[in-house]
Amino acid sequence: MTDKPIISLRGVTKIYGEGATAFQALKGIDLDIAQGDFVAVMGPSGSGKSTTMNILGCLDVPSGGAFLFKGRHVETLDRDQRALLRRRYLGFVFQGFNLLSRTTALENVELPLLYRGEDKKTRYDMGMAALDKVGLKPWWDHTPAELSGGQQQRVAIARAIVTQPDVLLADEPTGNLDSERSIEIMELLTDLNRNSGITVLMVTHEPDMAAFARTIVHFKDGLVERVDAGAGA
Amino acid sequence: MLGTTIILAFRAINRHKLRSFLTTLGIIIGVAAVVTMVTLGNGATAAVREQISSLGANVLQLRPGQGFGRGGGGPRPPDFKEADLTAIQNQLTGVRAVAPLVQSSGTAIYEGNNWSTTVYGTTSAYSEVQQWKVADGRLFMPEEEEAGKPVCVIGNTVRTNLFQNNDPLGKRMRIKGVSCQVIGVLSTRGQGGFGDQDDVVVMPIRFVQRRFTGDRDVSQIMVAVDDAYDTSTVQTSLEELMRERRKIKPGTEDNFNVFDTKQISDTLTGTTTILTQIVGAVAAISLLVGGIGIMNIMLVSVTERTREIGIRLAIGAVAREVLMQFLVEAIVLSCLGGLIGLLLALIASLAIAPLMQVPFLFDVKVNLIAFLFSAAIGVVFGYFPARRAAALNPIDALRHE
């Protein structure tokens, strides 16, 4: 773990709507995330954790404050520049897996490489390597409908890591899985964090899952309530 | 970049084969309809032109009468005289050949075979005016013409029906109860605009006048114009000459008509061309409807695939790539539809042309235009849904159920 943070939020606010109906989701977030960290983000609904994750995932921009990603001011970037940032440095894992239906596991995993303009052989090699890493290489030609929930989430993780991103953002990755599959997914994430050096940011409301993280950030009412060290440290 | 989007488009189409097919059905039918209609229309035009040209190129037909095909009312205008023929030959410039014509119909008989046919009384110039060669035997000699000898040249249809496989030359057959000798057989001309052209017996005009019509009138004069002269100029001087000869006072209408076969041909082919265009335009509307069908399905597809678009955007697709994906998908769909439509049109035209008795003419231009048009429809009607897809907010798109 290096000392220089890969992500820095300084006084980040987010306001939805305008005028009387305006709602302030974030009221000034200050947060540093070090490279190689495994961060669990917790908090009740409406505490601002999802909004924060959207901003950290460069899907949304703050209304005020600064968001530095690898030293770049993301709040000044336009839509397409943020898309290119996501393409290059970020990987996403969602609660609902979000795989393309009627599309094989390999094709799903290859998708980010297509947008990177990689050739067919590179796509195949990297896609198979990523599937191998999540233990699904023999299932490469199965469509999501032919895979279990845990397997689908592994394919989603393979898709997120196929580009060898710096940061993996996981939004309740175990929310749709039973506890046994959940633990397998958490072990996979921990492995990727420890052995591939990927910084992992994960939203969860389950303390069992948060326990895998090195750092646990608690949100409340649009602010960071406290930062704990997790059991994974 | 383009390669990527084309791969993605084919994957998306492949994933929804039935829907893709139904989407393109409008384009398929549209293109097939337009190309089939225009191909058959062109064939019909060519057929009409072919039929008219069989009347003889650059031939002016002079007939008594007033106006185009108007009968009744007032005394029948007089027929022409032999002197008119001589006058046309001697006084007009630019005349290649002149032939008189009197028509009669009757039954031809040879050894128990009966055949009802048309008898043309004319001179040997008929062959030159009509550019119709004698295939076998000879035409009548000037002295046979002069004397009105009972000789005849028969068309191929008459030959096969009366003589079957026997050589008709020198045989005597009876026509309208009068015996005559076959001296020649005309070359085959086939079906014309006015029925079977080979169903004819050509005889010296003097004979027909004496034995069948009973007077020395000429009901029609055919004037072949020399290629070096302008047909309309010759037509004008012909009209002037005839007004003079028929003593028509200035200001009164002609009591004869001059038909330019080229003019008739142009008018008729013009009509079929316009019909082709109208039918083609109606078919083009169906192509447009097909385009709207594509837009409709693409819009539904964008809504249905909102989450997919969200995933793509989250993964790092820029707006232009999403736009291109959906646009290329629409274009690929419409181009595939266009190609299938062209294929169907080819099959349909090949099947229908013989039934309509028109030639099948493959028109590269029509096929190319129809294909490009279908591609253009993909661009136009695919752009709006594609832009909608590209403008989606990734967060909302990912949450979309």
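This is a predicted model: local features need pLDDT of at least 70, side-chain atom pairs count only at pLDDT 80 or more; totals for chains, interfaces and linings use all residues.

Guide: Residues are numbered from 1 along each chain as its sequence is written, while chains are lettered from A and ligands numbered from 1 in the order in which they are written.

Visitor: What makes residues of chain A and chain B count as in contact?

Guide: Their C-beta atoms, placed from the backbone, lie within 7 Å. By that test, 20 residues of chain A are in contact with 18 residues of chain B. α2(A) gives the most to this side of chain A, with six residues. Helices here are DSSP runs (H or I, at least four residues), numbered from the N terminus.

Visitor: Why is α3(A) called largely enclosed?

Guide: A residue is buried if 20 or more other C-beta atoms, placed from the backbone, lie within 10 Å of its own. Eleven of the twelve residues of α3(A) are buried, so the rest of the structure largely encloses this helix. Among them are Leu106(A), Glu110(A) and Tyr115(A). The cover includes α2, α4 (120-133) and α5 (149-161) of chain A.

Visitor: What follows α3(A)?

Guide: Gly117(A) does, with a positive phi near 80°.

Visitor: How do you know which domains chain B has?

Guide: The bounds come from an automatic or database domain assignment. That assignment gives domain 1 (2-51 + 266-399) and domain 2 (78-254). Their centres, taken over C-alpha atoms, are 56 Å apart.

Definitions and conventions
Two residues are in contact if their C-beta atoms, placed from the backbone, lie within 7 Å. Helices (H or I, at least four residues) and strands (E, at least two) are DSSP runs, numbered from the N terminus.
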